[in-house]
Amino acid sequence: MSDEAPDPAPAPVAPTPWLRLDPRMLLLQPLTELARFLPALIPLLLFGTASGFGPWAIVGVAAPLALGVARYLTTSYRIVEGRIELRRGVLQRRTTSARLERVRTVDMTATLGHRVLGVSKLVIGTGTGGAGDEDDLELDGLARDRAAELRTSLLERPGRAEGAGEAPRSGEEAPGSAAEPDVRSAPVVAARFSPRWLLYAPFTSAGFIAAAALIGFFAQAFPSAEIDLGVDNGDVPRLGVILVVLALVAVLIAATLLVIGGYLFLNWGFTLSRLSGSWQVRRGLTTTRETSLDVDRVAGVSVAEGAALRIAHGARLSAIVTGLGSGGSDSAILVPPAPGAVVRDAAAAVLGSAAPVAAELRPHGPAAVRRRWTRALTATLPVHLLVVAAILAFDATPFLLGISVASLAVAALLAHDRSRGLGHGWIAGYVVMRSGSLARRRTALGGGHVIGWTVRESWFQRRVGLVTLTATTAGGSGRTEVDDIPTSAAYRLAEEATPGLLGQFRSDQFRPELAGT
């Protein structure tokens, strides 16, 4: 008979407790709910005071406050067994769970009220493909230090790279990996806000929208205003022209100030920095927002240069983030409209090489150029027909022919610019495509993130040996496209980036002798 005592039974593992948000939210959450119901509360307060139903007005104010307290008490979260879970809901309880390796972005936002109380809102983007933000985990709010600590642990967890995206092909280093610095101790700043960036705000689409909105407002507010100028009738036309010019100048100044103010409000204190395993973007004047992008999820970058921004030598930069989806476009902004040199330097820092955004691209050849000119000039035909019809039908002055000449000049400028904008290449491990004129965009997509190709050709393209080539990826809009590329050049580019992936579906296969065409 053995004297050995039996092994003790293993102690039960205590379940991971659910954690509440910071208690300071008991001050902010009720006020937030009260502000949300304010449009309905104002009539209730006015009606209650006038009719003597004061208690009902008090109930109307107390209900949102109680709802804010209830939201705080019914919201909790925890990290357990490689998952982050969020439980919330007052009348309808809902639990959202996401695996840690599915975390794509972490946004840390603080409104003025959050900043006064020292708390932040953390929005964890999981890229699960749900509609809207329903599948994002929102922790509103955490103590500022706790939010920063949780953000770091989510993006720098052990084994973060596993399943993070497309791995490089064997024998090929990930783009930019050879030159990556050791940034685990201190952040490396790639771009920082400068007051001269404000000069680029009016050259964005927001500037034109603001000007058009102001012109429309004044046109509606003063549709038939008659002003007694107190001058002779002979001087009225001249003064009318002066007033119109002054009004346009005033509108332009007002639109410029409005756009600059909005730019300053959104991007004050902007900083793009690399901290260990993530790229972090911080910006905002009254409401600060800090977005963290997992480095392994950044598949490439896109440099946007609208026509007006190009005139000012400016650009903007956004990231192609795998799994983020089109709904997360705001989270993928790396640099707002800024000097082109700043944008290119930031893109080089993100990609690990300046070549994809600075190197010369392969042109698309004369057939693509002819299509640009043909399509631009053909688009002016309706203008010419209307001018001729007006001259013949209403005995209009031939001066209207100037409109036809002007439309031809604009079409020629557009065709020339679009022809110059076409280009492609396989540069430093990235598929680079550039196209467009009014909204020109140069995209650099890591070859390891290309999961497929689409080759389309219209009847007109087929006649001149051109195709539209699309690189499919799991990031951004899901595709990177360039129009009117020669067929042989399209297959050459695909073969360089993903050997054997597209050529196996061609009847004639990719031939090495096409590499020089």
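Contact here means heavy atoms within 4.5 Å. The model is predicted, so local features need pLDDT of at least 70, side-chain atom pairs count only at pLDDT 80 or more, and totals for chains, interfaces and linings use all residues. Residues are numbered from 1 along each chain as its sequence is written, and side-chain values use heavy atoms, with hydrogens and water left out.

**Nonpolar cores**

- A nonpolar core is a set of buried Ala, Val, Leu, Ile, Met, Phe, Trp, Tyr and Cys residues joined through side-chain atoms within 4.5 Å; buried means under 20% relative accessible area (1.4 Å probe, protein chains only).
- The largest nonpolar core comprises 36 residues, and W197, L272, V301, L317, L334 and V335 have the most contacts inside it.
- Domain 2 (195-267) and domain 3 (271-363 + 422-516) both contribute residues, so this core lies between them; the domain bounds come from an automatic or database domain assignment.
- Beyond its neighbours within four places in sequence, V301 is in contact with residues including L317, I320, L334, A347 and R442.
- A second, separate core of 22 residues includes L28, Y72, V103 and L137.

**Residue S419**

- S419 is located in helix α13; helices are DSSP runs (H or I, at least four residues), numbered from the N terminus.
- S419 is buried, with a relative accessible area of 15%.
- The side chain of S419 reaches the backbone oxygen of A415 at 2.8 Å.
- Leaving aside neighbours within four places in sequence, S419 is in contact with V369, R372 and W373.

Notes: Buried means under 20% relative accessible area, exposed over 50%, partly exposed in between (1.4 Å probe, protein chains only). Helices (H or I, at least four residues) and strands (E, at least two) are DSSP runs, numbered from the N terminus. A polar contact is a pair of N or O atoms within 3.5 Å; within protein, one must be able to donate a hydrogen and the other to accept it, and residues adjacent in sequence count only if both atoms are side-chain atoms.
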